[in-house]
Every structure is written in structure tokens, then in C-alpha cells.
Amino acid sequence: MDRFVLDVAHLLAASLVLISFVQLYQRRLYALLNTFALHAFVLACSVAWQAFLQEAPHLYITAGIALVFKAVVIPVALHRIIQQLGIHREIETVGGVGLTMLAGIALVALSVVLMLQVTTEADRLAREDLAFALAVILLGLLLMVSRRNAVSQVVGFMSLENGLVLAATGAKGMPLVVEFSVAFSILIAFVVIGIFLFRIRERFDSVDVLVVDRHRGERL
Amino acid sequence: MYPVIVILWSVAALFCTAVLAVGIARRPTASTIVYGTSLVAASIALAAAFAHFGDASPASLALPLGLPWLGAHFRLDALSALFLAVVNLGGAGASLYALGYGAHEPLPGRVLPFFPAFLGGMNLVVLADDAFTFLLCWEFMSLTSWALVMAHHRIAQNRQAGYVYLVMAGFGTLALLLAFGMLAGNDGAYGFAAMRQSVHTPLVNTLVLALVLIGVGSKAGIVPLHAWLPLAHPAAPSHVSALMSGVMTKVAVYAFIRFAFDLLGGSDWWQSMTVLVFGGATAVLGVLYALMQHDLKRLLAYHTVENIGIIYIGLGLALAFQANGMNAAAALALTAALFHVINHSLFKSLLFFGAGAVLTSTGERDMERLGGLIRRMPYTSFAFLVGCVAISALPPLNGFASEWLTFQAILQSPELPQWGLKLIVPAVGGVLALSAALAAACFVKAFGITFLGRPRSPAAEEACDVDRFSLTAMFGLAGLCLLAGILPGVVIDALAPATLSMVGERMPEQIGVAWLSIVPVAESRSSYNGLLVFLFVAFSASLAVFVIHRFASRELRRAPAWDCGFPEPSTRTQYTAGGFAQPIRRVFGTLVFQSSERIEMPPPGDLRPARLQVQLRDLIWDVLYMPLAGFVNAAASWLDRFQFLTIRRYLGLVFLTLVSLLMMLAVWL
Amino acid sequence: MALIAGLLAQGLQMALVLLLAPLLTGFVRKIRARLQRRLGPPVLQPYRDLYRLLRKEAVLAENASWLFRVTPYLVFAVTWVAASLVPTFASGLIFSWTADLIAIIALLGSARFFLALAGLDIGTSFGGIGSSREVMIASVAEPAMLLIVFSLALVAGSTQLSNVAEFMASPEVGLRVSLGLALIALIMVGIAENGRIPIDNPATHLELTMVHEAMVLEYSGRHLAMIELAASMKLLLYLSLLACLFVPWGLATEGASISAYAVGLSSYIGKLAGGGVLLAIFELAVAKMRVFRVPEFLGAALMLGLLGTLLLFLSRGL
Amino acid sequence: MISMPNPLALILLIPISAAALLAVLPGYRATSRLSILASLLTLVAALSLLVVDRDSPGSYLLVDDFNIVFVVLNTFVGFTTSVFSASYIGHELATGKLTPLYLRFYHAMYQLLIFAMNLALMANNIGLMWVAIELATLTTVLMVGMYRTHQALEAAWKYFILGSVGIALALFGTILVYLAAQPVVGEGLNAMTWTILIDRVAEFDPALLNVAFVFLLLGYGTKVGLAPLHAWLPDAHAEGPTPISAVLSGLLLNVALYAVLRFKMLMAGNAGAIAAGPLLVTMGLTSLIFAAFMLYRRRDVKRLFAYSSIEHMGIIAFAFGMGGPLANFAGLLHMVMHSLTKSAIFFAVGHVAQVKGSQKISEIGGLTVTHPWLGWGLVLGVVAIVGLPPLGIFMTEFLIVSSTFARSPWLAIPLVLGLIVALGALMLRLNSLAFGEPRGSIAPAEASYVPMFAHLALVLVAGVYLPVPLVDWFQHVARLLG
């Protein structure tokens with residue numbers, strides 16, 4: 001049985017990485033949100049699967065959080081924000097998308113190389129999961145860095161965090177996983193609220209640094 | 001053992017006084033109390049130091065302070081006893097002087113607490129016997145003196161001086177710190193005792209000596225590290241200037257001797273050559289800069305630079321001789337250097353006291369606005385004159401005795417095997433003679449313009465002599481200058497233990513020599529008898545006076561100055577400080593200062609006065625310090641952009657760091 | 001007994017320099033005058049001048065300070081002591097070791113120091129000119145002198161004039177280039193120090209060209225006499241220095257017989273005469289130079305001194 | 001022993017309950033008094049740690065030679081700062097910069113912060129440590145933004161975003177450590193209990209440990225404020241209320257660094273793992289030199305000292321990177337000295353800024369004339385922070401520089417240059433702040449000088465004398481740090 005089991009887990013993890021790439025590819029906000037919802041959904045599946053094969057019921061909670069909170073609530077909230085703040089639907093990327101994709105591939109390669117150095121006594125599943133999780137995290141960071149738009153940066157942060165959850169659940173018998181995921185959900189909620197409160201339209205730095213620094217007298 | 005404790009107690013007393021002073025600074029009696037206690041404490045320490053002069057056996061003591069696993073070690077050997085005597089003599093003099101002078105201090109709260117602390121700090125530096133204690137006290141000394149320099153902080157010039165001073169001091173301390181790190185080695189053996197035992201590779205030796213030359217030089221004022229000295233020393237109140245110039249620089253010299261002779265135990269001949277070169281450059285540049293000054297205190301400060309140069313020439317010679325195993329000659333050179341240390345501490349304090357007296361009674365430091373004070377302040381001017389003669393190395397005063405010894409040491413150079421030294425030592429001798437002659441010129445100017453001639457400002461006309469305490473201090477030092485000058489043998493014998501402990505050899509016993517003259521090597525080579533010279537001069541002068549007044553005329557008529565028949569009433573026609581130095585500036589200035597004169601001669605019929613403008617540039621600043629400051633400035637402005645990035649960019653930085661670190665892992669492992 | 005004899009000899013030397021000095025000055029003047037086809041003042045004129053000056057009342061500027069009055073005596077005394085420490089007719093006199101050559105130079109230095117101060121005391125412009133130029137000249141002359149001392153001392157292995165003189169008299173000196181250089185340098189320095197032509201003109205009446213005379217412009221009467229006497233003693237000192245260093249022949253040695261002393265005395269006077277004549281001729285041969293050429297002149301002396309020292313190493317291969 | 005409650009529990013319970021209480025309590029005087037009282041009690045509890053014999057570490061909390069000093073330090077500075085806050089916040093209230101509501105919020109948050117930091121220090125479980133540090137971060141984020149001005153919000157936002165990324169990285173590192181430990185010590189809590197990890201670390205998979213350490217270094221390093229992860233630090237210090245700046249510089253940075261060091265110990269325990277030293281040395285030097293130059297262009301006095309904190313974190317990181325008994329000892333001591341000194345400086349600066357009504361250096365001058373106590377306190381603090389004797393930091397810098405130069409001279413040179421450049425900058429500013437003609441308002445300051453001078457006195461004493469037990473603990477920890 002385990003051959004099949006492992007393959008499924010493997011498949012889910014890999015598809016997470018794939019979806020991260022799709023995110024990198026997106027040019028329009030709504031599409032990006034949808035892909036993120038998908039990302040979260042796949043994560044939920046993978047967590048559930050882990051829960052099943054580790055016989056760790058508490059992981060189902062994490063899966064639930066992922067499903068409800070990340071796959072549904074947050075995307076919807078962000079939709080609202082986009083509408084209310086009338087944010088451009090176009091995403092301005094820093095380097096072109098192609099460049100970003102290349103960088104992404106390099107990152108995946110990097111993470112695989114790193115994890116292959118891990119001696120095999122750590123069980124195979126954990127190792128591969130780990131490689132994928134690392135890839136997802138790095139891709140999420142890449143998304144944050146390469147997008148000028150606040151919402152897409154939030155999305156990047158959230159997919160990074162998905163990578164974390166993937167890693168955490170992949171680790172057998174890791175305690176406090178649920179707590180972590182809850183903590184992170186709160187964190188993300190903070191971010192979203194922050195965006196909403198500060199009316200951060202285009203980017204984090206639309207709180208115009210120049211003006212602020214003049215005001216601080218740091219810059220003449 | 002016993003003297004160490006006494007000295008430590010008096011230091012403790014000084015620190016307590018400092019703390020007390022914070023509380024009582026506002027009281028009118030404060031300055032009397034503080035300076036009185038410092039005077040007593042310094043005198044006690046002085047007595048203790050003298051008490052230890054006799055026995056060569058070093059006494060040491062450890063307190064459970066400082067580095068926890070090491071403790072604070074103090075050690076009193078011949079060398080430290082000698083320098084303790086110098087420090088506390090200067091300290092006692094300054095305190096005595098300040099008993100009167102301190103009363104004029106507008107901001108006692110900014111002087112009283114730091115003065116005793118400064119004094120105590122210097123004592124501790126000389127006593128310290130482990131790296132940590134040494135540097136702690138060393139930097140504490142800088143810190144307190146910085147506070148004293150900042151005493152009159154409302155004058156922007158002083159603030160700048162204090163700033164430059166502290167940065168240079170920090171720089172020097174870090175250099176010494178590195179030197180200690182080298183000596184202490186991997187397992188941190190910070191005790192001097194351990195450092196003495198350990199043997200060092202030539203590389204370490206060189207490195208340490210270079211670092212020490214930098215670190216100590218920045219405190220002593222070796223060119224090109226002297227930049228802060230002429231700014232900071234004049235900025236402080238005069239009795240503090242006296243301490244800084246007369247004593248603190250000597251503490252730096254002590255540090256050099258301690259490192260070069262004691263901890264390192266000698267050096268290579270080429271290293272000694274660098275010391276010689278730096279000493280010579282310092283001596284001549286210092287006096288040339290001094291000649292160009294017309295601020296009395298700054299002039300004195302530059303002379304400190306010169307004298308430090310002379311001392312370092314002596315030390316360099318000692319190193320050179322020691323490197324070739326000529327310990328007797330080394331002893332002679334070292335004695336000369338130490339003798340000059342004592343002398344300079346005497347007459348430089350005296351001169352700064354005089355400058356302080358002038359400052360209090362006229363409120364002027366600028367010589368161009370002084371003049372004729374010899375009639376208004378006879379006592380001060382007499383003491384100052386003695387100081388001038390002494391520092392100009394003129395017999396029969398003490399300055400000459402030490403420089404004469406240095407020359408004698410230089411005359412030993414032919415025995416040196418290395419050609420480099422053979423050729424450079426006579427040149428250094430020439431430089432020494434040059435700086436001595438220039439010093440004489442400079443003090444003709446200093447005394448002549450300040451005290452002689454006719455008053456150049458109303459302030460100078462209303463001047464009057466200063467209080468008893470100040471005069472006592474000045475005359476005491478003047479007397480010591482004379483004594484050391486006419487009885488050099490006594491001093492030389494007093495220095496013997498120190499040289500014995502440093503270079504393992506001493507100069508021949510001088511007390512025994514007939515007529516109290518000094519014979520550095522052998523009667524046949526050279527000898528000098530300050531006492532007889534003094535007596536002869538005194539005798540023949542009084543003889544002449546007697547004969548003439550007895551047999552020839554004695555009547556006297558006062559008349560207007562003749563001045564070739566065109567006496568000019570205006571005091572503006574006198575020679576000014578600048579004018580006096582002009583010929584020498586013409587001779588050396590173009591070379592050293594890039595001095596350039598511009599003459600504006602208005603056309604005939606134009607009533608504008610003709611103008612002569614002279615520009616002097618300080619090469620050291622232009623070549624060394626300005627570029628450095630420029631670099632820091634540029635780097636600061638370039639990096640400043642990192643304050644103003646956007647959050648995404650900051651995230652980018654984090655991301656890049658992460659990726660590069662991971663790459664490193666992936667590649668290396 | 002020996003002590004008394006020694007004291008006598010020393011006293012004789014002191015008296016000698018004191019008495020001979022004006023004579024030398026007068027002699028040089030006379031020779032110059034004769035070479036210029038002038039009759040010139042009698043040789044004893046300087047004594048008369050001194051006598052007259054001493055008898056006159058001293059006129060003092062109103063604002064002259066005590067320093068101004070003390071200086072002449074001080075200068076006189078210092079110069080006298082210095083002059084009487086240089087071996088004249090005999091070496092190794094009882095007090096000869098009181099000061100070596102370096103100290104003697106320094107003594108002259110202190111005389112100059114006070115004279116320069118006196119020049120500034122009244123606060124007249126001419127005094128100022130004099131002092132500032134004097135110290136400028138000295139600041140180059142003294143190092144040159146010191147270097148000469150070095151090369152001499154390196155040859156003779158001593159700075160003690162008597163010993164140097166005895167060494168020079170001894171055959172082992174031989175003929176050395178560096179000694180020649182030292183001689184030339186010493187002459188140049190001597191000329192400068194005594195303010196002779198081409199450095200300065202002792203007989204000038206153009207104040208602007210004066211150095212020494214400008215300093216002492218305000219002096220009169222006995223004060224002036226003292227300074228004049230000191231000046232001529234200084235000249236004597238340098239001549240006898242040259243004599244005992246470079247023509248030390250006939251110099252009586254320590255504890256010699258009376259006859260030896262007589263020989264030394266006569267030979268000394270002979271040397272002085274010769275030196276005076278040469279000086280006079282030289283002074284006529286050259287013209288006075290601008291003040292700012294002086295440093296170059298002395299710089300040459302300095303270089304010669306240094307060169308002498310270095311050559312010494314080569315020749316002796318120390 | 002049995003009768004008295006466990007001090008560890010008290011150290012955590014007092015602040016958290018105080019926070020809960022303060023959150024609901026109205027009234028300014030009462031709340032500030034209560035806050036001070038709570039901090040005092042916490043301090044007492046922490047001090048009791050020094051006397052009672054330690055019981056064996058539980059799976060969640062522990063006290064060892066390492067954290068005991070920092071717990072005491074933490075509670076001590078927490079106490080003094082609460083005293084300082086009382087007068088400071090009182091003034092803010094009087095000038096209407098804060099409303100009573102925010103005041104209540106402030107005190108509650110403050111106690112929560114103390115709780116979080118104590119927890120982080122005493123946590124024996126790396127997951128718990130993570131949670132605690134994040135809690136501390138979030139509370140400080142909220143407090144930095146408390147003034148609601150444009151700048152304050154921007155600073156808080158920057159802090160928040162960079163912080164959260166740091167959080168994520170640190171968590172991933174923690175997970176990796178767990179994964180490395182799990183095959184050896186088995187699943188579950190044990191694989192996260194530090195005491196167990198340090199015992200078995202030799203058998204862990206080095207590759208995993210390496211990756212883990214990189215993530216932990218960056219994650220917690222962001223909190224430490226090592227360049228180039230420092231971006232949040234200056235603005236957070238400058239825009240938040242000064243007591244928070246004091247606590248940030250004095251405590252939070254230390255706590256984050258403490259976490260990094262715990263993991264450095266793990267790395268040192270495993271033969272196969274990369275040496276953490278070079279990483280720390282590099283980041284340390286970068287931070288030191290970068291901050292040293294940044295000091296020159298600062299025009300805001302609080303931001304100035306914030307950069308100085310970066311500089312000192314750099315020095316400390318450098319020291320631990322160099323390793324060896326001397327350097328490690330110096331690093332530990334430096335952490336303590338810096339937190340005392342820097343918070344003292346911020347106390348002074350806070351009052352000064354209140355008196356002058358501005359944080360701009362150009363509008364502050366001649367303090368020693370107008371406000372002798374504040375002025376000389378500031379002078380003493382700056383003199384201490386630039387490493388001049390006889391104050392404590394001199395000793396640590398002495399040890400760091402000298403021990404470095406003996407081993408690898410080429411690292412000592414940049415270190416020394418950085419130090420002198422920083423000294424130049426700070427002294428330049430001090431010249432205009434404390435001396436010269438007075439600038440700005442000369443109104444008397446209603447200030448509480450006790451905290452500031454208490455800190456400075458401690459630093460002064462430590463400069464010449466260190467108590468023996470402290471030395472023993474530090475030397476033991478220094479050995480563990482390798």
C-alpha cells in the first residue's frame with residue numbers, strides 16, 4: 001500500500017510547487033487570487049493525506065484551517081479589497097515574467113540539491129516533502145520580491161506560509177503544528193487588515209517613503 | 001611594596017576628591033579644597049616615588065579588579081618610579097599654581113572634578129603592570145583630559161579640538177590594544193610579567209613596535225600624529241595645558257620605553273632607524289610650526305612636539321646601540337632621553353604657567369596684542385625668561401645639559417656597524433642642532449614680543465603681576481631648572497637605576513668626578529661642568545659691573561629712544577611676531593608650509609593701505625587628514641541610500657542573503 | 001704648587017683674551033685701511049674708544065627694562081668665559097675641561113639670545129630688524145658649526161678642545177679631505193658669526209643693511225663698551241679656535257715649562273696676526289651680500305660640514 | 001523550598017496576569033503604579049533564581065547558566081523601564097499625544113512583552129521559543145505604531161512585514177531542526193526539547209542542521225537587526241515611544257540573539273555541521289561597518305542610537321563568530337553591558353526629546369548647560385557606548401579586539417576601523433548635543449533620573465569589577481559556545 005500512499009503524497013507536494021509556478025506566471029490579480037485559492041486547496045488535501053497516513057487526527061484541523069481560511073475567506077476578502085480600493089487589475093512585475101520563471105526554476109533546483117545532501121536515514125517521504133516545501137517557500141519569497149503590488153505580495157507571503165505548513169505536516173509527529181498554523185492564520189489576517197486599514201493601494205511602499213523621510217528630517 | 005600602597009592610596013584620595021568636587025563645585029572654597037588636596041596627594045606620591053628611587057628591586061601588588069581571572073596588577077620599578085616622580089612633580093606644581101589660578105576659572109564645575117581624576121589616571125598608567133589595567137588607565141587619562149579640554153565648550157574651536165583629540169586618542173588606544181593582543185598571544189596572557197617572558201618572532205616584534213609607535217605617538221605627538229596636540233593643549237585651562245604638555249606626553253614616552261625596552265626587550269637596528277627618522281622629523285617640524293604661531297599657548301604646544309622629537313631621537317639612539325650590544329652607549333642615549341623628559345616636564349610646565357599668568361592678567365593669548373609686560377609683571381616675566389633660556393638649550397640651564405648628552409650619544413655613532421645608522425645618525429645630529437637653534441629663535445620671539453617692547457593693546461598696559469601661589473609655583477620650577485642645569489651629575493646618577501633596568505647598563509658614576517662636572521664616557525672624550533660655567537659667568541659679570549661702576553662712570557640718563565633719530569611713537573611700528581619670524585619663514589617656509597605671500601600695493605594717489613597677505617598650509621592636514629575625512633564623508637553619503645529603500649527592496653535584500661547562503665551550502669557541501 | 005701654577009696660567013689666558021681682543025680688532029681695521037691705501041685709525045684706537053665709552057654716562061631709552069641694562073654685562077661675561085676656555089697659547093689648562101666645544105658654541109648662543117632680546121626691548125623697528133635677522137643667521141650657522149664639531153670629534157675622538165688640539169698637533173692626523181672641508185666651513189661660519197663682510201658690515205652706517213649693529217643701536221656709554229669688547233673677544237675666539245684646531249703648532253702642553261709657555265704665547269700672537277691679515281684681505285676681496293643670500297652661504301657651510309662627516313666614514317672606513 | 005512557589009512560574013505568571021488586569025483597569029496613576037509593582041515583583045522572582053537551587057529542566061522551561069543572567073537582566077531592565085515609562089507616558093498624556101485608552105493598552109502590552117521575552121529566554125522547547133519571540137515581535141509592532149502618525153504607521157508596517165518574513169524563516173528552521181532530531185530521539189516533544197537536543201546533537205544529520213541554521217540565522221537575525229536584515233530597526237526605534245525603543249534595543253535584540261546562540265551551540269555540538277563562526281563574523285563585520293558609517297548622516301537622535309545598536313549587535317555577533325573562551329565571554333558580557341547602557345541612553349534621550357519637543361539633533365544642543373543631569377547622563381552613556389573606560393564596554397571591546405588580533409589579524413583591522421569610525425560619529429553628535437550654545441527649549445525636565453543612573457552605575461562598576469559567579473557562568477557558557 002505504501003508505494004501508492006507515498007506517490008499520492010509526492011504528487012500533492014509536487015503539484016504545490018507547480019501551482020507556485022503558475023502564480024509566478026499570473027499577470028492579473030483575480031487570476032492570481034484564484035490560483036492561490038487552488039494552492040491552498042491542494043495544501044489542504046496534502047495535509048489531510050498526511051493526517052491520514054500518519055494517523056494524526058489533529059492534522060485534520062490544520063487541513064480544515066487551510067481549506068476554510070486560506071482557500072475561501074482570504075481570497076474573498078482580497079477580492080473585496082481590490083474592488084473597494086479600486087486597485088489596478090494589472091500586476092506590474094519587476095523583471096519580466098520570463099525572468100522570474102527562470103529564477104524560480106533555479107530556486108527549485110537549489111532546494112532539491114540541498115535536500116539531496118540529506119542522508120537517507122531521514123525517511124524518503126520527509127526528504128522529498130522537504131525539498132518541495134523549501135521550493136514553495138523560496139518561490140513565495142520570490143513572488144513577494146518580484147511583484148510591486150501589495151495584494152500579490154500578500155499572496156506571495158501566504159504561499160510561502162503554505163510551504164511552511166507542508167514542511168511541518170511532512171515532519172512525522174511534529175508537535176504544535178496546529179498552533180503554528182493558527183498563529184500564522186492570525187498573522188495573515190493582520191496583514192490583510194493592515195492593507196485594508198492603511199489603504200495600501202498599489203504597494204507596501206505607497207506609504208510614500210520619500211515624504212515620510214522628509215517629515216522625519218532624515219533626508220534634506 | 002610599601003611605596004606602591006602609599007601611591008595607590010594617594011591616587012584613591014585623588015579620585016575621592018574628584019567625586020567630592022562634583023558636589024561642591026559651586027562653593028567658592030571649592031577650588032581651594034580640590035587643588036589643596038591634589039597638591040597634598042601629589043606631594044605624598046612624589047615622596048613615595050623618591051623613596052623607591054634607592055632600591056632597584058621592583059615592588060608589585062595585585063588588586064581583585066579589572067579582568068576577573070587576572071586582577072589588576074601594579075608594579076613599581078626604577079622606571080615607573082622615575083616617571084611617577086615626573087608626573088607627581090608636575091601635578092604638585094600644577095595644583096600649587098591652580099590654587100591661585102583656579103580662582104579665575106569661570107566654570108569651576110567643568111574643571112574641578114576632572115583635574116584630580118586626570119592626575120590619578122596618569123599615576124595609574126605608570127604603575128600598571130598588566131595590559132588591561134594599563135589601557136584602562138591610559139584611556140581614562142585621555143577621557144578626563146578630554147573633559148578638561150571641553151571645559152570652555154562654548155568656544156567652537158575648543159569643541160573641535162576636543163573632538164579631534166578624542167578621536168585620535170581612541171585611534172591610538174586601539175593601536176596599543178592590537179599591540180597588546182599580539183603580545184598576549186592566543187590564550188590572552190595579559191600580564192606584563194608573562195609578556196616579558198615570552199619570546200616573539202621578528203615579525204611580531206616589528207608589528208608590535210610599529211603599532212606602539214602609532215599608538216603612543218598619537219598621544220605624544222609624533223609627526224604626523226601630532227595634529228590634535230596644538231589644538232587641544234591650548235584649549236584647556238593653563239594649568240591643565242601644563243599637565244598635558246609637560247606630563248601626559250611624558251606618560252606616552254614612558255609607555256614607549258616600557259614597550260620597546262622592557263616588554264619587547266630591544267629591536268632590530270632598522271627599526272631603531274625608523275624611530276630616529278620620525279624623531280628628527282618631529283623635532284624640526286614641530287619647531288618650525290611653532291615659529292609660525294602667534295598664539296602664545298599654541299606656540300608652546302608646538303614646542304612640546306619638538307621636544308618629544310628630541311626625546312625620541314635619544315630613544316632611537318638607545319635602541320640602535322642596544323640592537324648592536326653597545327649597552328654603555330645605549331645607557332648614555334637613554335639617560336639623555338630621560339634627562340630631557342625631566343627637563344621638558346619642568347620648563348614646559350613653567351612656560352605654560354607663565355602663559356596662563358599672562359592670560360589671566362591681560363585676557364590675551366595673541367602675542368600681537370601683548371608686549372611690554374616685563375615692566376608690568378616683573379616676576380612672571382623673569383620666571384618665563386628662565387623657562388625660555390632653559391627650553392632653548394642654552395647653558396647653564398638644564399635644557400642644554402640633556403641636549404649635550406644627546407650630542408655625546410650621537411658622537412658614539414661611528415662605532416655602529418650598520419652603514420644606514422652610520423650615515424643617518426650625524427644627519428639626525430644636524431637636525432637636532434637645527435631644531436635647537438630654531439628653538440632659541442622661537443623663544444627670542446616668544447619672550448621678546450610678549451614681554452619686551454611697548455604694549456600693543458590697552459589690556460597689555462593695564463596688566464599686573466599674578467597671585468603668590470602662581471608665582472611660587474613658577475619660581476619653584478625655575479629654581480629646579482637652574483639646579484638640574486648646574487648639577488646634572490646628580491640627575492644622571494638618579495637616572496642610573498632606570499637605565500640599568502632597561503638596557504642592563506648605566507652611565508659612569510658622576511658624583512665622584514672632581515668639581516661636580518659630568519663625564520659621559522671618559523675625561524679624554526668630553527666633559528661639561530654646568531656649575532663652574534655658571535660660577536664663572538656670574539663672577540666675571542659681577543666683576544665687570546663692580547669694576548666699571550667703581551672706577552668708570554655710573555651715571556645714567558633716561559631719554560627717548562634714539563631709533564636712528566626717527567623715533568615713532570605709535571606702537572604699531574614695532575616688530576610683530578609675524579614680522580620677526582619672516583626671515584626664517586622665507587628660508588624654510590616655502591619648503592615646509594608652501595607659504596605664499598601676496599602683496600596688494602594700491603596705485604599712487606590711492607589712499608588704501610598696502611597689504612601683505614601670507615598663507616601657510618599645514619601639509620599634514622592637507623595630505624593626511626583631509627583626505628581621510630573626505631573618504632569617511634563620501635562613504636557615509638553613499639551608504640546613506642540604504643536608509644531610504646522601499647520595503648520590497650529590503651525584502652529583496654533578505655531574499656538575496658538567504659539564497660546566497662543556501663547556494664553556499666549547496667556548492668561547498 | 002701645581003694648582004697655583006695652573007690657576008696662574010688660566011688667569012693669564014683670561015687676561016690675555018681680554019687684553020688682546022681690542023688690539024686684534026684695531027689691527028684688522030688698520031690692515032684693511034692700509035690695503036685700501038688709507039692711513040686708517042691707529043692700532044690702539046679700539047682701546048681709546050672703549051676708554052671713552054666707559055667714562056661717558058649711559059643714555060637709556062625711557063622704556064628700557066632691567067633686561068636691557070643687564071644684557072651687556074651678561075654678554076660680556078659669557079663671551080669672556082667662552083673665549084678663555086679656548087686654548088690660546090697652551091692646551092690642557094686647569095679649567096679647560098669645564099666645557100667642550102659644543103658647550104662653548106652654546107655659550108656664544110646664549111650671548112646671542114640675550115643680545116637679540118635686548119634688541120627687542122625698546123620696541124624700535126631697527127632693533128627688531130637686527131634681532132630677527134640675527135636669529136635667522138644663527139639658526140643656520142649653529143647646525144653648520146655642530147656638524148663641523150662632529151667631523152672634528154670623529155677624527156680626534158673627542159670634543160674636548162685641548163685633546164683635539166693635541167691630537168691635531170700629533171703626526172697621526174695626516175692630511176684629510178674632511179678636515180679641509182671642515183676648515184672652510186668653520187671659516188664661513190666664523191665670518192657669519194662675527195658679522196664680517198660679506199654677511200654683515202661692522203663699520204656700516206646704512207641701518208637697513210645692518211644686523212649686529214642694528215641690535216645694539218640703542219646702546220651707549222659703558223653698555224656699548226661692554227658689547228664692543230664682547231664682539232671683539234668673539235672674533236678673537238674664532239681666530240684662536242681656528243689656530244688651535246688647524247695650526248696647533250707651538251701650543252704648550254699641560255704642565256709645560258715657562259719657556260714652552262713663552263713659545264706658545266709668541267706663536268699664538270703670530271697666528272692671530274696672520275689670521276687678522278687674511279681676514280682683512282678676504283673682506284676686501286668680497287662684497288656684502290643680500291640678507292636672504294646669507295642662508296645659502298651658510299647652507300653651503302652646513303653641506304660642507306655634513307659632507308666632511310660622511311667622507312670621514314669613507315676615508316676611515318669605520 | 002516546597003512552601004515557596006516555583007520562581008519560574010512566577011516570572012511568567014506575574015506579567016501575564018498583570019497584563020490581563022491592566023487591560024481592563026482604568027486610570028493613569030493606578031495603572032502605571034501597578035505596572036511598576038508587577039515589574040518589581042517579577043524582578044524579585046527572577047532574583048530569587050539566583051539563590052534557590054535550580055530544579056532539573058522540564059520539557060518546556062529551564063534555567064541554566066546561560067539564561068539565568070539574561071532573565072535577571074530582562075526583568076531588571078523591564079522594571080527600570082516601567083519606572084521610566086511612568087514619568088514618560090505621564091508627560092505624553094499631559095501633552096495629549098496619547099489618550100487614556102492608549103495608555104491602558106500601552107501598559108497591558110508592556111507586561112505582555114515582558115512575559116513573552118521571559119518565556120523566550122526560559123523556554124526549553126524550540127517551538128515554544130519561536131512562539132514567544134513572535135509574540136514579543138507582534139506586541140512591539142503594535143506599540144511602535146501607537147502614535148498613529150504617518151511615520152509611526154509606516155515604521156510599524158515595515159517592522160511587521162519584515163518581521164513576519166523573519167518569523168516564517170525561523171519557523172522553517174525550527175521544523176528542519178525537528179526533522180534532524182526526529183530520527184535520533186524519536187517523534188514528539190523530545191525532538192524539540194533543547195536539553196535533549198544538545199545531548200544527542202552529535203548524531204543528527206549535519207546537512208539538515210546546516211540548512212536549518214541558515215534559516216534560523218536569517219529568521220532570528222532579522223530580529224537581531226544584523227545588516228542587511230536590519231531595515232525595520234532604525235525606524236521602529238525612532239517612531240515608537242521611547243520606553244519601547246529602550247526595551248527593543250536593550251532586551252528584544254538580546255533575546256533574538258540568545259535564540260541564535262542556542263542554535264549555534266547545537267551546531268557546535270555536531271562535528272559534521274558547518275562552522276557557524278564565519279557566517280556570524282561576516283554578518284557582524286558588515287553590520288558594524290555599515291552602521292558605523294550610517295551614523296554620520298543621522299539627523300534624528302533616536303535613529304542615531306538605533307544604528308548604534310545595530311553596530312553593537314554586529315560587534316557581539318563578531319565576537320561569537322570568532323569563538324574561543326575570551327571572545328565568547330566578551331560577547332556575553334557585551335550583550336549585558338550594551339543592553340544596560342543603551343537603555344540608559346534612551347531614557348536620557350526620551351526626556352530630552354520631551355523637553356525640546358523634537359528628536360532632531362539640529363534642534364538639541366548644550367544640554368550640559370541647560371539640563372546638567374540629562375546632559376551629563378547622556379555624555380556618560382555615549383562615552384560608555386563608544387567603549388571608553390572605565391565603563392563596562394571597554395572591557396569587552398578590549399577582550400574582543402585583542403583576542404581577535406592574536407588569532408587572525410586581518411579580521412581585527414576592519415573591526416578596529418569600524419569601532420573608530422563609529423566613535424568618531426557618535427562623539428561628533430555628542431559634541432553638538434551636550435556642549436556648545438544651548439539650542440531649543442530650556443524648560444526644566446520633570447524626569448526620573450533614577451533608572452538612567454542606576455544603569456550607568458552598574459556599567460561603571462562592571463567596568464572595573466565583575467562578581468565571581470557571573471564570571472563563572474559566563475565562562476561555562478563560553479565553553480559550550482565553542
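Figure 1. The model is predicted: local features need pLDDT of at least 70, side-chain atom pairs count only at pLDDT 80 or more, and totals for chains, interfaces and linings use all residues. Residues are numbered from 1 along each chain as its sequence is written, while chains are lettered from A and ligands numbered from 1 in the order in which they are written. Axes are lines fitted to C-alpha atoms, for helices over the stretch in contact, with angles from 0 to 180 degrees between N-to-C directions. Angles under 35 degrees count as roughly parallel, over 145 as roughly antiparallel, 65 to 115 as roughly perpendicular, and the rest as oblique. Helices (H or I, at least four residues) and strands (E, at least two) are DSSP runs numbered from the N terminus. The crossing of H6(B) and H16(D) is right-handed (the near helix is turned clockwise from the far one by less than a right angle). H6(B) contributes B:Leu174, B:Leu177, B:Leu178, B:Phe180, B:Gly181, B:Met182 and B:Ala184 to the contact, and H16(D) contributes D:Phe398, D:Val401, D:Ser402, D:Ser403, D:Phe405 and D:Ala406. Two residues are in contact if their C-beta atoms, placed from the backbone, lie within 7 Å. By class, the residues of this contact are 10 nonpolar, 3 polar and no charged. Ala, Val, Leu, Ile, Met, Phe, Trp, Tyr, Cys and Pro count as nonpolar, Asp, Glu, Lys and Arg as charged, and the others, Gly among them, as polar.

**Figure 2. Chain D touches chain B through 48 of its residues, which meet 46 residues of chain B.** On the chain D side, two or more residues each come from helix H6 (150-185), helix H8 (206-224), helix H11 (276-294), H16 and helix H17 (409-434). H17(D) gives the largest share of this side, 10 residues. The side of chain D that touches chain B holds 37 nonpolar, 7 polar and 4 charged residues. Chain D has no contact with chain C; the closest C-alpha atoms of these two chains lie 40 Å apart.

**Figure 3. Chains B and C share the most contacts of the 4 pairs of chains in contact.** Chain B puts 72 residues into this contact and chain C puts in 73. At least two residues of the chain B side come from each of helix H14 (373-376), helix H16 (398-410), helix H17 (419-451), helix H21 (530-551), strand E3 (556-559) and helix H22 (577-592). Of these, H17(B) supplies the largest share, 16 residues. The chain B side divides into 44 nonpolar, 18 polar and 10 charged residues. E3(B) pairs in the parallel sense, over 4 bridges, with strand E1 of chain C (residues 58-61); strands pair if DSSP finds at least two bridges between them. Within this pairing, B:Arg558 stands opposite C:Leu60. Chain C and chain A do not touch, and their nearest C-alpha atoms are 54 Å apart.

**Figure 4. In chain A, the axes of helices H2 and H6 come within 10 Å and cross at roughly 10 degrees.** H2(A) is therefore roughly parallel to H6(A). Among the residues making the contact are A:Leu32, A:Phe36, A:His39 and A:Leu43 of H2(A), and A:Val155, A:Met158, A:Asn162 and A:Leu166 of H6(A). The contact of H2(A) with H6(A) contains 12 nonpolar, 8 polar and no charged residues.

**Figure 5. A:Glu55 and A:Leu176 have positive phi values in residues other than glycine.** Phi of A:Glu55 is near 45 degrees, and this residue sits in the loop between helix H2 (29-53) and helix H3 (58-85) of chain A. A:Glu55 counts as exposed because it has 7 C-beta neighbours inside 10 Å. Phi of A:Leu176 is near 65 degrees; its loop runs between helix H6 (150-170) and helix H7 (177-198) of chain A. A:Leu176 is buried, with 20 other C-beta atoms within 10 Å. A residue is buried if 20 or more other C-beta atoms, placed from the backbone, lie within 10 Å of its own, exposed if 12 or fewer, and partly exposed in between.

**Figure 6. A cis peptide bond runs from B:Val223 to B:Pro224, and another cis bond joins D:Ala227 and D:Pro228.** Omega is near 5 degrees for the bond in chain B and about 0 degrees for the one in chain D. B:Pro224 lies in the loop between helix H8 (202-220) and helix H9 (229-235) of chain B. D:Pro228 is in the loop between H8 and helix H9 (232-239) of chain D.
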